[in-house]
Amino acid sequence: MQIKTGRYRHYKGPEYRVFAVARHSETEEWMVFYQALYGEYGLWVRPLELFTGSVEVDGETVPRFALIEPEPSPLQGEV
């Protein structure tokens, strides 16, 4: 599964920027590398399966992260 680089909105409201998808060196699990666009602008990784998964909010299934705007990755190579 692939995802686009760019700005995403978490189902709770905050925005994040996805830079790339990388493989974990030990488990070979695909991980999403992203940054919070608020507060201390922390850098994070999350398993791709969880990033692209859905959650239930008020009885409705919604994506955990929804693409707001695709952007080219500042890292070498595209996702």
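Reader: Which backbone oxygen does the side chain of Q35 reach?
Author: The backbone oxygen of Y41, at 3.0 Å. That is a polar contact: a pair of N or O atoms within 3.5 Å where, within protein, one must be able to donate a hydrogen and the other to accept it, and residues adjacent in sequence count only if both atoms are side-chain atoms. Before going on: this is a predicted model, where local features need pLDDT of at least 70 and side-chain atom pairs count only at pLDDT 80 or more, while totals for chains, interfaces and linings use all residues. Residues are numbered from 1 along each chain as its sequence is written, and side-chain values use heavy atoms, with hydrogens and water left out.

Reader: OK. Is Q35 buried or exposed?
Author: Q35 counts as buried, because its relative accessibility is 18% and buried means under 20% relative accessible area (exposed is over 50%, partly exposed in between, with a 1.4 Å probe and protein chains only).

Reader: What does Q35 touch?
Author: Leaving out residues up to four places away in sequence, Q35 touches E15, Y16, R17, F19, Y41, G42 and L43. Contact here is heavy atoms within 4.5 Å.

Reader: And which strand does Q35 lie in?
Author: Strand β3, residues 30-36. Strands are DSSP runs of E with at least two residues, helices are runs of H or I with at least four, and both are numbered from the N terminus. Five of the seven residues of β3 are buried, so this strand is largely enclosed by the rest of the structure.

Reader: How many bridges join β2 to β3?
Author: Seven, and the two strands run antiparallel. Strands pair if DSSP finds at least two bridges between them. R17 is the residue standing opposite Q35. The two strands make a hairpin with six residues between them, and E28 in that turn has a positive phi of about 65 degrees.

Reader: What about β3 and β4, how many bridges there?
Author: Five, again in the antiparallel sense, with β4 covering residues 43-47. F33 has V45 as its bridge partner in β4. β3 and β4 also form a hairpin with six residues between them, where G39 in the turn has a positive phi of about 60 degrees.

Reader: Switching topic: which residues make up the largest nonpolar core?
Author: Eleven residues: I3, Y8, Y16, V18, V21, V32, Y34, A36, L48, F51 and F65. The elements giving two or more residues to this core are β2 (15-23), β3 and α1 (48-51). A nonpolar core means buried Ala, Val, Leu, Ile, Met, Phe, Trp, Tyr and Cys residues joined through side-chain atoms within 4.5 Å.

Reader: Pick V32, then. What does V32 touch?
Author: Not counting residues up to four places away in sequence, V32 touches I3, V18, A20, V21, W44, V45, R46, L48 and F51.

Reader: Now charges. How many salt bridges does a search of the whole structure find?
Author: Five, taking a salt bridge as a side-chain nitrogen of Lys or Arg within 4 Å of a carboxyl oxygen of Asp or Glu. One of them joins E69 and R7, at 2.7 Å from N to O. That pair links distant parts of the chain, 62 residues apart, with E69 in β7 (residues 65-70) and R7 in β1 (residues 6-10).

Reader: Which residue does E15 form a salt bridge with?
Author: R9, with the closest N and O atoms 2.8 Å apart. E15 is partly exposed at 22% relative accessibility, and R9 is partly exposed at 39%. Salt bridges that share partners join R7, R9, E15 and E69 into one network.
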